[in-house]
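Please read them with the coordinates open.

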Amino acid sequence: MSVSRTNNICLVRTLTTSFFCYSISPMDDNSFIVSTIDHEDPVRTITVQGQEGHVHHAGLPDKTYKAGESQCTYVGTKNILVFTDRYNHTVYLCNIQSGSCQTVQCDQIREPRGACPGSHGTVFVCSKETDSIVQVSLQGRVLMTQDVGMKGPCAVSLSPDGARFAVSNCLQGQKMIKIFTVSS
């Protein structure tokens with residue numbers, strides 16, 4: 001889809017995939033990285049022309065995930081795939097060029113859900129069980145934890161200028177979106 005300056009959304013193309021997707025993140029102007037559902041590859045790529053591909057990585061678990069068990073995002077400036085494994089309480093930071101992968105596990109990250117690239121080589125991760133957003137460096141160090149005042153945050157997005165982030169949850173009867181200002 002494309003979005004005009006007046007916020008009109010236009011369908012550009014519909015792609016049919018051979019797998020079910022859960023989360024999607026742009027890699028570049030021509031391709032996306034997606035987390036899969038019930039597929040032997042936990043992440044895949046797809047181009048805007050519909051060509052599917054593998055993601056070369058080391059360190060991700062060799063297992064299939066059900067819906068809601070994992071999500072991914074991509075930090076294009078550093079070629080880092082960020083992959084959350086909800087029930088293993090783990091965030092994977094995989095360099096898809098070198099194939100190296102590191103894991104982040106700590107008390108602040110419990111049932112990680114959605115993630116998004118942050119500014120200055122960081123990533124924001126939703127921690128469902130701690131009701132917070134955790135900022136992690138691409139080297140795997142926890143930089144800060146922010147309580148978001150809602151139960152079960154599951155998606156986070158940073159504004160293009162890096163000044164605000166939005167967080168949503170997915171609890172029946174308590175659904176909400178909150179927008180926060182990022183202070184430097």
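1. In this predicted model, Asp38 counts as partly exposed because its relative accessibility is 45%. The side chain of Asp38 meets that of Lys66 in a salt bridge, with an N to O distance of 2.9 Å. Asp38 belongs to the loop between strand E4 (31-37) and strand E5 (43-47), while Lys66 belongs to the loop between strand E6 (52-54) and strand E7 (70-75), so the pair ties together parts that are 28 residues apart in sequence. Lys66, at 47% relative accessibility, likewise counts as partly exposed.

2. A salt bridge also joins the side chains of Arg86 and Glu111, at 2.8 Å from N to O. Since Arg86 sits in the loop between E8 and E9, and Glu111 in the loop between strand E10 (101-104) and strand E11 (112-117), this pair ties together parts that are 25 residues apart in sequence. Arg86 has a relative accessibility of 11% and therefore counts as buried, and Glu111, at 12%, counts as buried too.

3. Glu129 and Lys128 form a salt bridge in which the closest N and O atoms are 3.1 Å apart. Are these two residues buried or exposed, given the cut-off of under 20% relative accessible area for buried and over 50% for exposed? Lys128 is buried, because its relative accessible area is 17%, whereas Glu129 is partly exposed at 45%.

4. The count of salt bridges comes to 8. Asp41, Arg44 and Glu52 are linked with one another in a network of such bridges.

5. Turning to the nonpolar residues, the largest core has 14 of them, and those with the most contacts inside it are Val82, Val91, Leu93, Ile109, Val123 and Val136. At least two residues of this core are supplied by each of strand E8 (80-85), strand E9 (90-95), strand E12 (122-127) and strand E13 (132-137).

6. Which residues does Ile109 contact, leaving aside its neighbours within four places in sequence? They are His89, Val91, Val104, Ser127, Val134 and Val136. Of these partners, Val91 and Val136 are also listed with Ile109 among the residues with the most contacts inside the largest core.

7. A last point concerns Asn8, which is found in the loop between strand E1 (2-3) and strand E2 (9-10). The side chain of Asn8 makes a polar contact of 3.1 Å with the side chain of Thr6. With a relative accessibility of 46%, Asn8 counts as partly exposed.

Note on methods:
Residues are numbered from 1 along each chain as its sequence is written. This is a predicted model: local features need pLDDT of at least 70, side-chain atom pairs count only at pLDDT 80 or more; totals for chains, interfaces and linings use all residues. Side-chain values use heavy atoms; hydrogens and water are left out. A nonpolar core is a set of buried Ala, Val, Leu, Ile, Met, Phe, Trp, Tyr and Cys residues joined through side-chain atoms within 4.5 Å. Buried means under 20% relative accessible area, exposed over 50%, partly exposed in between (1.4 Å probe, protein chains only). Helices (H or I, at least four residues) and strands (E, at least two) are DSSP runs, numbered from the N terminus. Contact means heavy atoms within 4.5 Å. A polar contact is a pair of N or O atoms within 3.5 Å; within protein, one must be able to donate a hydrogen and the other to accept it, and residues adjacent in sequence count only if both atoms are side-chain atoms. A salt bridge is a side-chain nitrogen of Lys or Arg within 4 Å of a carboxyl oxygen of Asp or Glu.
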